[in-house]
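Colleague: Could you take me through the contact between the chains, and then through the enclosed space?

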Amino acid sequence: FVFIMRCNFRIVLFLPPGLYKTPGRKMQIWLFYEELVIRPLHSGDIYASFQFRTVWETDFMRGNKVSHYRLFPKSLGQVISKFSVRELHISFTQGYWRTMQWGQPFQPSPPGAELWVWFQDSVTDVDGTWKELTNVLSGIFCASLNFIDSTNTVQPSASFKPLGIGNETDHRFLRYATLPREIVCTENLTPWKKLLPCGSKAGLAVLLKSEKLFHSSFHSQAVHIRPVCQDWQCKTTSWELRQTLNVVFDLHNSAQGKREWSLFKMFSRTLTEACPLASSSKIYIDITDNPQGEQFEVSPATPLLSQAVVLGDRRTFSVYDLTQQITFGTVRSLNLLIRWKSSEGDMLRPLLHAERYVAGYGLQTGEIHTLMYNNHPYRSFPVLLLDSVPWYLRLYIHTLTVTSKGKDNKPSYIHYQPSKDRLRPHLLEMLVQLPPNSVTEVTVQFERALLKWTEYTPDPNHGFYVGSSVISSLVPSIVAMDTNSTRERPLFSSFFPCKEESSYFVRVYTEPLLVNLPTPDFSMPYNVICLTCTVVAVGYGSLYNLLTRSFQIEEPSPGLAKRIANIIRKMRGVPPL
Amino acid sequence: CLSERRRGQLAALSIAAVVIIVGVPLWWRTTETYRAWLPVNQINELANLQLQLSADVEVVFARGTVTPEQQKKVPTQVVISLCLFCSSPLEADLSLHTLSESPCGSLVVYVIPESSTLLPEDVDVYIGQRRTALLRIGAQMRVGRTLEQLLAHLEPRIKQVLQVMSFSHTDITAALSDRVRLSPGNKESIADSMRAFKSSPGYEITFSLLNPDPKSHRVHWDIEGAVQTYIQPLLTKLAPLANFSIDSQTLYYAMLGVNPRYDSSRSAYTLNSDSLAHVINPVEARLGSNAASSNPVLNFLLYVPDAHHSPLHIHDHKKQEVLSNAFHSPRWGGIMVYNVNGFYGPEAVFPVDININMAKVMGVFLAQLRLLLGVQSSAPPPGFLVAPCSSTGLADWELDRLMWSRTVENVATATTTITSLAQLLDQIGNIVINDNIAQQVSSAVTSLQLAVAELEAGNLGFALQYSKEAILASERAFFDPSLLHLLYFPDDQKFAIYIPLFLPMCVPILLSLLKIVSEARQKRRERQAKKD
């Protein structure tokens with residue numbers, strides 16, 4: 001034993017310290033990035049978006065079992081390898097994103113829980129794996145994902161394409177489900193934070209205090225896992241885990257109406273260090289609408305500026321690099337302060353937004369209206385609309401109408417899968433062209449079904465939720481110029497803007513619907529039993545009497561007066577009447 | 001008029017008869033819960049189970065241990081000459097192993113002459129790495145005794161060998177601890193028996209590197225290579241016992257639950273043995289359970305103390321430093337503290353890159369793994385010499401020993417599960433017993449009976465296989481969710497629902513029956529009065 005030790009020691013002496021590795025085994029690359037984007041909103045609210053990205057280089061496509069984890073959380077790694085998941089996207093959201101007030105979010109998500117998963121094509125029993133996966137995920141995230149079953153799962157044919165590498169687009173391996181009723185709270189945040197390499201001990205994650213995060217108008221946390229390329233040629237692949245958390249703090253609720261924000265006010269913490277495991281740790285503040293500082297001022301000021309085209313718009317950001325000691329200044333803590341000077345100015349209207357409501361009266365029929373707004377002044381563009389409606393709203397698909405500007409707008413692609421009672425929901429996917437500067441209305445009538453009395457939720461009079469419609473689209477960009485001219489390109493191809501940046505991908509979620517179903521009085525079954533039994537018993541009793549009693553003619557008994565008279569006569573000793 | 005009365009009585013009687021003969025059974029059948037047939041008799045037989053273990057022992061006499069006339073009486077003529085050129089018992093063991101491949105669970109005892117120089121002077125029994133033992137024939141055995149006497153002389157010693165190499169009374173009682181109450185007394189043996197994990201068809205082994213201070217230490221460990229070199233051979237050997245899966249993770253900012261105390265005399269931090277119990281809980285919250293399976297998890301943690309709390313030493317009850325700087329928690333796993341402050345000087349630039357010496361770490365973890373899996377390394381009786389561990393870390397007979405106790409434990413657990421399930425189903429009549437549950441129960445019972453029979457026959461491999469099947473089937477039956485459906489539907493509610501129907505229907509029937517009876521009685525009395 002001692003001899004072996006000495007041998008090892010000698011080898012160490014000859015190698016540079018970083019390369020002490022078993023020969024023949026490739027070094028794995030693990031990277032971790034963290035980032036916070038703060039965007040002051042014109043309404044006086046503030047939008048903070050956290051992103052934590054872990055990259056793990058591994059050749060997962062060959063299907064070999066990987067079981068040694070460093071920065072990537074073990075629980076998620078086990079889930080990926082056990083269920084042969086290729087891509088997993090899960091989000092938990094409390095509140096509804098108000099697109100017209102706040103603009104487009106960086107990561108859109110519907111209210112409640114949303115889960116969509118691409119499985120690898122080696123999976124044979126996709127439905128069984130999906131069921132098991134949702135159960136395991138509900139354990140990991142402490143959420144009611146176990147309520148996902150065949151009645152709320154759909155296989156969209158066009159709306160959800162893989163976001164990572166891989167050319168498999170057979171939608172048999174895709175499952176999509178939403179739980180609009182899901183309530184998101186601290187117990188979902190804690191396991192989410194546990195997946196971070198630094199936990200909530202260091203770096204940006206120290207700001208994630210649940211008492212502040214859930215005291216907000218909008219809270220959304222998500223986990224995205226997908227395979228990505230490591231380099232331009234895509235020679236090596238890696239798993240990417242993106243954990244995002246978006247929160248909008250309310251002007252009146254969190255800031256007591258004062259248009260002044262600081263990290264401490266938002267999160268009740270300041271920053272003192274970056275996560276030591278992070279390769280990059282940055283804070284961006286969106287100062288696009290404030291180039292000369294006339295709207296608000298940011299302190300401490302930073303000389304670092306960065307430009308990026310985000311959602312079709314060129315934005316300017318102040319950058320604070322937390323890996324640099326100078327960022328924290330002399331007090332060794334960073335407390336960003338944003339103070340508004342004027343409350344004027346307005347926001348660029350989002351080019352695409354949508355809303356939805358249910359119309360009609362009574363408890364038998366109704367109508368779902370979906371409105372899609374194209375605010376672009378002169379460009380029309382196609383959108384993909386996905387609707388998943390539970391089976392207990394029976395859609396009359398022949399009443400489906402799509403109108404824009406008062407005219408019939410015929411969808412160029414319709415994929416409709418009718419529901420089966422208690423088995424699967426309706427799935428409606430449409431490709432609709434939205435004319436410029438218009439509102440397109442999609443209506444469809446439905447009939448409410450009667451549920452069995454065990455199928456009602458514990459509070460049936462609250463109503464039943466119908467998940468958000470999903471609108472996915474490539475929206476024409478406002479900026480057409482490619483700002484990134486560093487890439488090698490021939491001169492003749494670089495004058496006109498490149499095609500990729502002339503439009504950008506947007507996913508918009510509408511409001512979930514709350515529909516009332518005819519609700520019985522739940523003591524009814526016992527009442528019905530009692531009533532029926534009484535009727536049966538009465539009928540039976542009279543029948544029984546008819547069958548068993550014998551009827552005889554009886555002398556009518558003497559009247560009351562006669563009886564009294566008889567008693568008197570008896571007392572007198574006179575014979576009765 | 002009389003015939004009219006008679007007709008009424010007949011109608012009442014026939015209605016009562018229809019209600020009793022047709023109505024009641026129909027109601028009973030339609031409201032009854034479905035209960036498939038269970039092999040109750042066989043389960044009751046299992047409840048008072050008599051286990052009988054038998055192991056094949058082959059005794060081979062070497063030349064010079066038996067006289068020719070004794071040789072004639074030995075049923076099979078296997079008197080061999082031990083390899084002449086062997087200089088050590090280890091070589092003899094290996095060469096003997098190639099001579100006869102003994103099946104799992106059996107033993108071969110070679111009896112060698114008193115004068116043999118194969119074994120050292122004071123050693124009487126040598127236990128090899130396979131399923132063989134060398135036994136020196138006693139000095140008092142003079143040539144010329146009968147074979148019976150010779151065998152009678154050898155018997156207690158072979159029994160002793162069997163107890164070391166296969167099973168002893170204490171092993172089996174420990175394995176049966178679920179069913180048999182341990183005799184109070186030997187506290188040490190109870191602690192020993194509770195250390196190992198319960199028998200399970202699979203285990204998850206998780207190695208976690210805890211780095212509470214990533215700002216100062218950048219710790220690297222080649223866990224993949226170490227698992228391949230040190231752990232995998234043992235697990236391959238243990239493969240017939242259970243399925244093992246291994247993974248590893250690195251946890252940052254994972255703190256121990258206790259603040260170590262600074263010992264200025266040693267200029268080191270110390271963890272006392274009585275505070276070790278509080279170390280695990282806060283760490284366990286970070287470890288994360290295994291999401292993908294429900295097998296028990298064996299945790300092995302390597303804790304690298306942060307720069308401000310280094311070096312850290314674990315102290316035992318006598319306030320002495322524990323040499324390995326590690327401890328284990330029964331049925332949970334092990335923790336090792338790995339001090340790295342010696343790897344860099346005081347002027348080092350943080351973070352420091354540190355490579356962990358995996359041979360040292362894995363040596364500790366391997367020993368803990370053996371303990372937690374129940375590979376017992378109790379001291380052999382005097383006069384015994386045990387061969388050194390082979391490269392796999394586990395001798396064949398150690399595996400056999402483990403298999404014996406695991407089989408008995410499996411049989412005991414499955415029997416307990418099945419009998420308690422049968423009791424439960426017997427007590428609560430509302431539980432629906434589906435066909436698949438009945439099928440699981442009967443397959444568990446069949447496997448149990450087969451396992452017991454194979455144990456009696458000494459076929460250890462098959463016995464283990466059947467006992468595993470029994471445990472799986474019994475657990476599946478016991479935890480089937482369909483058993484819960486009607487558990488909370490009491491009988492009084494059922495009657496409450498039917499009372500509005502039954503009460504108005506039964507009252508007229510009962511009344512008319514009473515009337516008929518009283519009339520009949522009166523008639524008889526009148527008739528008797530007439531007779532008188």
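Modeller: The contact, meaning heavy atoms within 4.5 Å, takes 41 residues from chain B and 40 residues from chain A. This is a predicted model in which local features need pLDDT of at least 70 and side-chain atom pairs count only at pLDDT 80 or more, while totals for chains, interfaces and linings use all residues. Residues are numbered from 1 along each chain as its sequence is written, chains are lettered from A and ligands numbered from 1 in the order in which they are written, and side-chain values use heavy atoms, with hydrogens and water left out.

Colleague: How much area do chain B and chain A bury between them?

Modeller: The size of an interface is often given as the accessible area lost when the parts come together. Taken with a 1.4 Å probe and summed over both parts, the area is 58% on carbon and sulfur atoms, and its total for chain B and chain A is about 3,800 Å².

Colleague: Which residue of chain B forms a salt bridge with K74(A)?

Modeller: A salt bridge here is a side-chain nitrogen of Lys or Arg within 4 Å of a carboxyl oxygen of Asp or Glu, and the count between the two chains is two. In the bridge formed by K74(A), the closest N and O atoms are 4.0 Å apart, and the partner is D247(B).

Colleague: Which helix of chain B supplies the largest share of the side that touches chain A?

Modeller: Helices are DSSP runs (H or I, at least four residues) numbered from the N terminus. Among the elements that each supply at least two residues are helix 1 (2-31) and helix 14 (491-531). The largest share, nine residues, comes from helix 14 of chain B.

How values were computed
Buried area = accessible area lost by both parts, 1.4 Å probe.
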